[in-house]
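Subject: Structure handover

Hi,

Here is the structure I promised to pass along. My notes on what turned up in it follow just below.

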Amino acid sequence: MSHALTAPATRELRERAENLLRRLGVEPPAPGEISARTPITGSELISLPASDKAEVEAAIARADTAFRGWRTVPAPQRAAVVRRLAALLTEHQDELGELVTLEAGKIGPEARGEVQEMIDVCEFAIGLSRQLYGRTMPSERPGHRLMETWHPLGVVGVISAFNFPVAVWAWNTAVALVCGDTVVWKPSEATPLTALACHALLRRAAADVGADPEVHQLIQGPAAVGEQLVDDPRVALVSATGSVRMGQQVAPRVAARFGRCLLELGGNNAAIVTPTADLELATRGIVFAAAGTAGQRCTTLRRLIAHADVAGPLLDRISAAYRQLRVGNPLEDGVLVGPLINERAYDGMRAALERALADGGELVCGGERVEGPGDGFYVRPAIVRMPAQTAVVREETFAPILYVMTYQDLDAAIEMHNAVPQGLSSSIFTQNQREAERFLAADGSDCGIANVNIGTSGAEIGGAFGGEKQTGGGRESGSDSWKAYMRRATNTVNYSTELPLAQGIRFE
Ligand code: NAD
């Protein structure tokens, strides 16, 4: 399906990307084997070289050397780099947002929102730099003090996914830097240009405040480049965001060398809608969570579990809203759903829909490919009513498909909700406090994120972000997630002239 006449010319998009890169402080790179494509038309923007083994080795070595100095800089001084980064991001929010649109296909407001999230997490990390608290505990021995101190961990390897090409990097990097770690980043091979821009902004921020720019290293390329990071014993923490399949490959390799892993993997998020729900509010929450970002968020709403009494009217509202969603070029105002990242994503969506229909699913609306500029893969978000939660529903298909099931009894709904391998985000829409509390209780939602009367996506940076089961168990961003980026030491100080042993042991 080619629409060459309506396509923004390939050259125009390429020039736009090159101009944005220049304005963000990056000279367009020499040609190479990584092809930076835009999902808007499917065409190549720029190509660039992948890092070879020697370059990855050198990047890790530089980060390791920089760590030795960086860990001794007081945390509030380390925050100066992050403060400057926040200022540069604020100055360049539109340019970086537009580059996210070009490279990941996000609509303008979501792309700028992603940059806003970077600024927010920088502010959080700046405050955190004065709050890396350790506890003191009462010692059982007279004249002794017992306390814990938190120290920088080392080199943090950040592996990130295409769908949040810049925010996930910022979550990790802003916190890791104030914690005293250095960072080696392996972005998705689908989004190398936004990575070049972030790297340049951070190096500039470091130089502007007189810090060592080597605290941040960028390596580019496919999974094999990430594997080298995963296997290197100098990388103290591997923070990896992506599919469950990737996590299954990464986690055992890091464990084999006793490294640390922070995993942020796939989700299969659900919302329960009870009979007392405010259907108008639920509809808005559901439509944004299920169709926003063309279904390409880890927190995208993929399963709707509606009480049988409200399923009909709720579905009428949602499908009416779906029919009004403008799908198309994300550079145009008013478009709410941009393209899928590539043909593989489109094939995955089609295959999942076929399986769902073979399982007795009924297509309520959407699912078809629609015209867009060039050879981009644009689809209408789909809603499928399912007779049961079959195997295809229990998988994460990274595309806008909302499966709808019904329930009679809340306990059964929660059981269905939890009967998937992933455990990232979840919601209940209800005006009944008992139902809400039941969902949030220990035997309620088993996810890392459980919401009441808002959708599953769009988390704030102040909370800890992550999920259970196959989502990997990691927590990033706010709350006390910083502890994953530091090591804890327990210190006992004897300020007496005696040497009493713990547990009252006498050794004389
Ligand atoms: P992906 O797993 O294909 O790739 C993610 C990253 O991992 C890429 O940089 C890739 O090169 C790298 N990688 C893959 N295999 C590797 C290996 N064996 N060793 C080292 N690195 C390896 O994921 P994607 O298609 O880019 O992103 C979509 C997926 O990411 C979805 O499953 C989505 O749910 C998930 N995701 C999760 C979160 C979260 O916070 N939980 C956030 C964003 C995306």
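A crossing of two helices is called left-handed if the near helix is turned anticlockwise from the far one by less than a right angle, and right-handed if it is turned clockwise. Please keep in mind that this is a predicted model.

With that wording in hand, let me begin with α4 and α5. The crossing of these two helices is right-handed. Helix α4 spans residues 93-104 and helix α5 spans residues 108-128; they pack at an angle of about 125°, and their axes are 8 Å apart. That angle makes α4 oblique to α5. On the α4 side, the contact uses Gln93, Asp94, Leu96, Gly97, Val100 and Thr101. On the α5 side, these meet Gly108, Ala111, Arg112, Glu114, Val115, Gln116, Met118 and Ile119. Sorted by class, the contact of α4 with α5 has 6 nonpolar, 5 polar and 3 charged residues.

Glu227, Val230 and Asp231 make the contact from α8, while Val250, Arg253 and Val254 make it from α9. The residues of this contact of α8 with α9 divide into 3 nonpolar, no polar and 3 charged.

Now for the strands. An open sheet of 7 strands runs in the order β12-β15-β16-β11-β10-β18-β19, with mixed pairing. Which strands stand at the edges? They are β12 (362-365) and β19 (449-452), each with a single partner strand, so one side of each has no neighbour in the sheet. Between neighbouring strands of this sheet the turn is 25° on average, direction ignored.

Within the sheet, strand β11 (residues 301-307) and strand β16 (residues 401-407) run parallel and are joined by 5 bridges.

Finally, the record: an unreviewed UniProt entry carries the annotation "domain: Aldehyde dehydrogenase" over residues 32-488. Over that stretch, residues 32-488, the chain is 41% helix and 21% strand, and the end C-alpha atoms are 43 Å apart.

Best wishes

Technical notes
Residues are numbered from 1 along each chain as its sequence is written. This is a predicted model: local features need pLDDT of at least 70, side-chain atom pairs count only at pLDDT 80 or more; totals for chains, interfaces and linings use all residues. Side-chain values use heavy atoms; hydrogens and water are left out. Contact means heavy atoms within 4.5 Å. Helices (H or I, at least four residues) and strands (E, at least two) are DSSP runs, numbered from the N terminus. Ala, Val, Leu, Ile, Met, Phe, Trp, Tyr, Cys and Pro count as nonpolar, Asp, Glu, Lys and Arg as charged, and the others, Gly among them, as polar. UniProt positions are given in the numbering used here, feature names are shortened, and annotations may be inferred rather than shown by experiment. Two strands pair if DSSP finds at least two bridges between them. Axes are lines fitted to C-alpha atoms, for helices over the stretch in contact, and angles run from 0 to 180 degrees between N-to-C directions. Angles under 35 degrees count as roughly parallel, over 145 as roughly antiparallel, 65 to 115 as roughly perpendicular and the rest as oblique.
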